[in-house]
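Look over the sequence and the structure before reading on.

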Amino acid sequence: MSIQQKQLNIGLFGFGVVGSGLYKVLQQTPSLNAQINKVCIKHPEKKREAPGDLFTTNAELLLQDENINVIVELIDDAEAAYHIVTTALKAGKAVVSANKKLIAEHLPELLALQEKHNTPFLYEAACCASIPVVRNLEEYYDNDLLAGVTGIVNGSTNYILTRIAEDKLDFQQALLQAQIEGFAESDPTLDIEGIDAVNKLSILLAHAYGTIEHPSAIIHSGITQLQEHDAIFAKEKGYKIKLVAQARKQPNGDIAAFVLPQFVDQGCQLYGVGNEYNGVVIESGFADKQFFYGKGAGSFPTASAVLSDVSALRYDYRYEYKKLRTQKVKLTTDFYLRVYVSFEGLFHVPHERFERIEEWSSNDKRCSVVGIIHFSQLLDKGWWKKKNASLILLPDAFVDRLPEKVTKKEDEAVFA
Ligand code: HSE
């Protein structure tokens, strides 16, 4: 009997922000024909708004229950999630997960398990919560026509940056607020160091371009290095600072991909994406730009994506990874970017790394430069990720044609 004809009997792992949201959302959608049979939790002593007999701490009770045909994994521990998801797939149960870290770090193995055991594994909630970007990239956009995917994909950092810029909160206050609201990961360094965003980018790359890349191999940075000096620069120019994940097809077909803070100007759709909202701009050959906007974190927005995956299981939906099979392309580091870098003191500016320096300013504490660099310079993180340095992309960061290089002499004159 196919899952389409069955009632969906769910074994749910986790009853935190998203899990409890899903429980409530399912109660309001009886037409779905889906019910939660059991919920596996870690801390039985916690008070929860659901009948006590629904809960267990024994994972095997769910994984070995033949009546349970769908496992929904919504825990924050990626290692425990790995065991749950792989065991469920091997047992032939459909799986829905929101665990970006698990998925990004184990995608090749998870792909093989889906194929071997012929089981669907859906994870729309893992990228941009309420925005249906995975399924859109998977189904709608042909790789050949997909010029770029650019997005704010982490709600917590966007919330923190918004609260700092608009309400003058300091970083720690804004982070605490993001934690209280339930946007941040249990380990918020995943958010603020850009790891959550690069995990999401890694997943998006698979569905956009058929490229499987471990997140640790993708250049990324977060928002912890941003300085007051950078905020002043942004204000003077009319920019906002956002943490942006991007993947862009280069003229030879390879893909440039990274997560970096970026100055965003008013002409960009991402400029108006504030607080925990996410936004994704998709550029394609004939459609030009399309903009997806929605809540990127939080209980109900994330639960809505999980619900949509559960609902899709009724008609046996599964990702086909078509681009992975047919049009796989590779990442490149051979392109140029226009960046702003600020340093503590003029002495530390490694101007030899720039192809061209277009602007610079300094005060008694910091110096900043705007210039063009070859992306491969960022592979050596020692100079731009060091303490008190910050690197931010300019709007329209990709430089198609490299202007003539400033001569060494001129360069030295500037920094004499
Ligand atoms: N911590 C994540 C974020 C949750 O802030 O975007 C949603 O993936």
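A polar contact is a pair of N or O atoms within 3.5 Å. The model shown is predicted. In it, an N or O atom in the side chain of D191 lies 2.8 Å from a nitrogen atom of the ligand. The side chain of K200 places an N or O atom 2.9 Å from an oxygen atom of the ligand. S156 has a polar side-chain atom 2.6 Å from a ligand oxygen.

On its own, the ligand has 260 Å² of accessible area, and the protein covers 93% of that. Two elements give two or more residues to the shell around the ligand: α6 (155–167) and α9 (195–209).

## Who lines the site

The residues around the ligand are K100, N154, G155, S156, F183, A184, E185, D191, D196, K200, G296 and A297. Sorted by class, the shell holds 5 charged, 4 polar and 3 nonpolar residues.

Strand β5 spans residues 94–97. In a regular strand, side chains alternate between the two faces of the sheet. In β5, A94 and V96 point one way, while V95 and S97 point the other way. Is this strand buried or exposed? All four of these residues are buried.

Strand β4 (residues 70–73) pairs with β5 in the parallel sense, over 4 bridges. V72 has V96 of β5 as its bridge partner. With helix α3 (residues 78–90), β4 and β5 make a right-handed β-α-β unit.

β5 also runs parallel to strand β6 (residues 121–122), joined by 2 bridges. Here V95 is partnered with F121 of β6.

## Strand β8 and its antiparallel neighbours

Strand β8 (residues 240–249) is mostly covered, with 8 of its 10 residues buried. Which strands pair with β8? Strand β7 (residues 146–152) runs antiparallel to β8, and 4 bridges join the two. The bridge partner of V149 in β8 is A247.

Strand β9 (residues 255–264) also runs antiparallel to β8, with 10 bridges between them. K240 has V264 of β9 as its bridge partner. The hairpin of β8 and β9 has 5 residues between the strands. In this hairpin, G253 takes a positive phi near 95°.

Terms used. Residues numbered from 1 in each chain as written. Predicted model: local features only at pLDDT ≥ 70, side-chain atom pairs only at ≥ 80, totals over all residues. Heavy atoms only, no water. Near = heavy atom within 4 Å. Polar contact = N/O pair within 3.5 Å; in protein donor to acceptor, adjacent residues only side chain to side chain. Areas by Shrake-Rupley, 256 points an atom, 1.4 Å probe, with all protein chains shown as cover. Nonpolar A, V, L, I, M, F, W, Y, C, P; charged D, E, K, R; others polar. Buried < 20%, exposed > 50% of the residue type's maximum accessible area, 1.4 Å probe, protein only. Pairing = 2+ DSSP bridges. Right-handed = clockwise from strand over helix to strand, strands pointing away.
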